[in-house]
Amino acid sequence: MLDANLGTIGIWLAFLACLAGVVVSVAGLVTHRRLAGDTAPTGAPAPTDRTAPDARLLAPVMLVGALFATGAMEHALVTHDFTLVFVAQNNSTVTPLLYSVTGMWSALAGSILLWGLILAVVSSVFVWRYRRLADDTVIRYATLVLYVVSAFFFGLMVGPANPFVTAPGATQGLGPNSLLQDNPLVAIHPPLLYAGFVVFTVPFAFAIGMLATGRVGDRWQIECRRWTLVAFTFLSVGIVLGAWWSYQVLGWGGFWGWDPVENAALLPWLCGTAYLHSTLVQERRGLMRVWNLSLSIATFALTILGTFLTRSGVINSVHAFSESDLGPLLIGFFFAVVIVGFGLIAWRGDRLRSPGGIDAPLGREGAFLLNNVLFVGFAFVVLLGTLYPLLYQAATQQQVNVGAPFFNTVAIPVGLTLLFLMAVAPVLSWRKINGPVLWQRLAIPVWIGVGAVVLCVAFGLRGLGTLVGFGLGAMAAATAARALVLSVRAAHVRHVGLWRGLVGRANGGMIVHLGVVLLAVGIIAATSYRHQAELALHKGEVVTYDGHRFEFEGLRTVSSPSRTSQQALVKVDGAVFAPATTSFGSALSVVGTPAIDSGFSGDVYLTFDAVGGLGSASGNQAINNLPQGSVAIGVVIEPLVAWLWAGGLLIGVGGVLALIPGSRRRPTDPASASSDLVTGAAPTPPRERDAAPEPVGALVARGAAGPV
């Protein structure tokens, strides 16, 4: 009972700290506004008032409470304290230590606790980072928003999602879900995913602060972008690791099934990625203010909607939690976020007008605009396909399924167009660029793309869409590599260290692009050239399929206190692999455990489907009338799957490098270029700096002249 008492105290401490933070923040804002009075114009920073109530110190108190609660829960799981209902339902005495620790986020209440812990950490980091700007009104409003969001999630734990409910008397637990104790990625994937979701709270808080004060043109959009980049990095790696976990555990040989919970994670990633690109246009040109604020709000709102989908019981998914009472609260909070956020945008519409416009479609602004249309348009399609079955069932009491073909119909052309933009946009100049200069910068990437297609055809690869994807991927990779080479060369000329050519927003972004290319090429190859079959293997007999040799060597049973596995020993091209069926602890269900021969050029994916004379082993489709002594082995041949995981890692590395300060560029004049494109008048002579705008990575053109 000690763990339950300590955990309850921790949750209440965090919840009360949040409520106190809300009250103190509101009091500070009222005092601040009273001091400002009419002495400053609307939207300008108010005078500093050190006597105004300050809620900063309550964030560490909230963190202490969250740490207490988390520590109590983990101690209860590790020591198998079955007086806690949560522990009895998600742990057992034979559960290994790793999966006892991860058991906290293996079920509903514990996952909310992890969310609250990460939110407390983010809030504490926020108040520390901006401690010298605590009297700024935008920071005060943002801090208030963080406390409100934190109060909501800790309030869930005080009420319907309390993880410290007790029921003494149990001496043994049920153990975690079998699929959640079959792979160590469960220790990494959910925390990274939650971190990505939670960090999106900060850009939302800044957006509310900017809208409430009317200071939409301040430096805060730059801060929003930094926090969004952190969230993007966490979420990108988390999504790829989730695909890897699905690939290794679920036994279907796939990595993305357009499951509603997968879509719930993808939606904020799409909007957040769009924001990372569009905010550059605002920073350099002062454009797209309304759009950027809308994306900040929409991205956070989609994290709440995703939380509703996964924790309300409205969808059936291997990734979703069981039914709960949180649905009305979560959907209510979602609508509150949408109404408040977009209501403030409507209220501040007069202050959000951009000082100029996009001069020409063939410029970096135009490319970013098209980029955003694609990302947000695809997000809308994914949202529609995810919610339509729920809305249809609510309206007609009948079920309907929206499957992968619907999503792929849109995903394929959108993905190819984005690869094209990744190849072209980095070499475009701001404002506009003429054709000869564009071709000069694109010639090498274009020829590399063409060469890649020719090479693929020479090796016998076919399929128009597939070849176009490979060509665009090679072209995009060449463009990113070109930018990095120019940047590294510039760093060498300036004697600042070659590593300086790999850090900073632009260079880190190019590394992210390389990761996206690897991931995209892996997806194209694995889905276009996938071969699948179910082989009947007799002991000692060699079967050849798709260029690989398979030989069944026998069955083996492997037991431990936590699991029992029946393995089929299969030799693949000389190496022995052991696909199995496994039962965990006291669980009655049996799950398949695939074996994967993974390599640079592709994977051979094996599942143990049936034993002759005994029937199905893992529940997959089995061969009829399988002779006794034989086994049915599912085989999936997928090329370049490892490139997906390498691409995800490279995206994470690029995101981290982009956070390291690099050379700064001076903002371009926000006013539009001369209107000669419309009026036909002679254009105004450009300034020397703007006469030949340079692409990403072209610092070398100025040699040792210093950073821009």
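In which helix is Ser 150 found? Ser 150 is found in helix α6 of a predicted model, in which local features need pLDDT of at least 70, side-chain atom pairs count only at pLDDT 80 or more, and totals for chains, interfaces and linings use all residues. Residues are numbered from 1 along each chain as its sequence is written, and side-chain values use heavy atoms, with hydrogens and water left out.

**Overall architecture**

- The protein has 20 helices and 11 strands; helices (H or I, at least four residues) and strands (E, at least two) are DSSP runs, numbered from the N terminus.
- Of its 708 residues, 54% count as buried, where buried means under 20% relative accessible area, exposed over 50% and partly exposed in between (1.4 Å probe, protein chains only).
- Among the contacts in the protein with a separation of 6 or more, 74% come from residues 24 or more positions apart; contact means heavy atoms within 4.5 Å.

**Helix α7**

- The buried residues of α7 are His 189, Pro 190, Leu 192, Leu 193, Tyr 194, Ala 195, Gly 196, Phe 197, Val 198 and Val 199.
- These buried residues pack against α5 (108–129), α8 (201–213), α9 (220–249), α10 (260–285) and α11 (289–311).

**Packing of α6 against α8**

- Two packed helices are described by the angle between their axes and the distance between the axes.
- For helix α6 (residues 137–158) and α8, the angle is about 130 degrees and the axes are 8 Å apart; axes are lines fitted to C-alpha atoms, for helices over the stretch in contact, and angles run from 0 to 180 degrees between N-to-C directions.
- Helices α6 and α8 are therefore oblique to each other, given that angles under 35 degrees count as roughly parallel, over 145 as roughly antiparallel, 65 to 115 as roughly perpendicular and the rest as oblique.
- The α6 side of the contact is made by Thr 137, Val 138, Ile 139, Tyr 141, Ala 142, Val 145, Leu 146 and Val 149.
- The α8 side includes Thr 201, Val 202, Phe 204, Ala 205, Phe 206, Ile 208 and Gly 209, together with Met 210, Ala 212 and Thr 213.
- By class, the contact of α6 with α8 has 14 nonpolar, 4 polar and no charged residues; Ala, Val, Leu, Ile, Met, Phe, Trp, Tyr, Cys and Pro count as nonpolar, Asp, Glu, Lys and Arg as charged, and the others, Gly among them, as polar.

**Aromatic pairs**

- The count comes to 27 aromatic pairs; rings of Phe, Tyr and Trp (its six-membered ring) pair if their centres lie within 6.5 Å, and planes under 30 degrees apart count as stacked, over 60 as edge-to-face and the rest as tilted.
- Tyr 130 and Phe 206 form an edge-to-face pair, at 5.6 Å centre to centre with 90 degrees between the planes.
- Tyr 130 lies in the loop between α5 and α6 and Phe 206 in helix α8, so this pair ties together parts that are 76 residues apart in sequence.
- Both Tyr 130 and Phe 206 are buried.
- The ring centres of Trp 244 and Trp 645 are 5.7 Å apart and their planes are at 15 degrees, so the pair is stacked.
- Because Trp 244 lies in helix α9 and Trp 645 in helix α18 (residues 641–659), the pair ties together parts that are 401 residues apart in sequence.
- Trp 244 is partly exposed, with a relative accessible area of 31%, whereas Trp 645 is buried, with a value of 11%.
- Ring pairs also link Trp 115, Phe 152, Phe 153, Tyr 194, Phe 197 and Phe 333 into a cluster.

**Individual buried residues**

- Ser 150 counts as buried, at 0% relative accessibility.
- Leaving aside neighbours within four places in sequence, Ser 150 is in contact with Cys 18, Met 62, Leu 119 and Ser 123.
- Ser 150 and Ala 14 are 136 residues apart in sequence and 8.6 Å apart in space, C-alpha to C-alpha.
- Asp 3 is placed in helix α1 (residues 2–36) and is buried, with a relative accessible area of 7%.
- Not counting residues up to four places away in sequence, Asp 3 touches Ala 72, His 75, Ala 76, Thr 79, Asp 81 and Phe 164.

**Positive phi values**

- Trp 258 has a positive phi of about 55 degrees although it is not a glycine.
- Trp 258 lies in the loop between α9 and α10 and is buried, with a relative accessible area of 11%.
- Asp 573, in the loop between β4 (563–572) and β5 (575–577), has a positive phi near 50 degrees and is partly exposed, with a relative accessible area of 45%.
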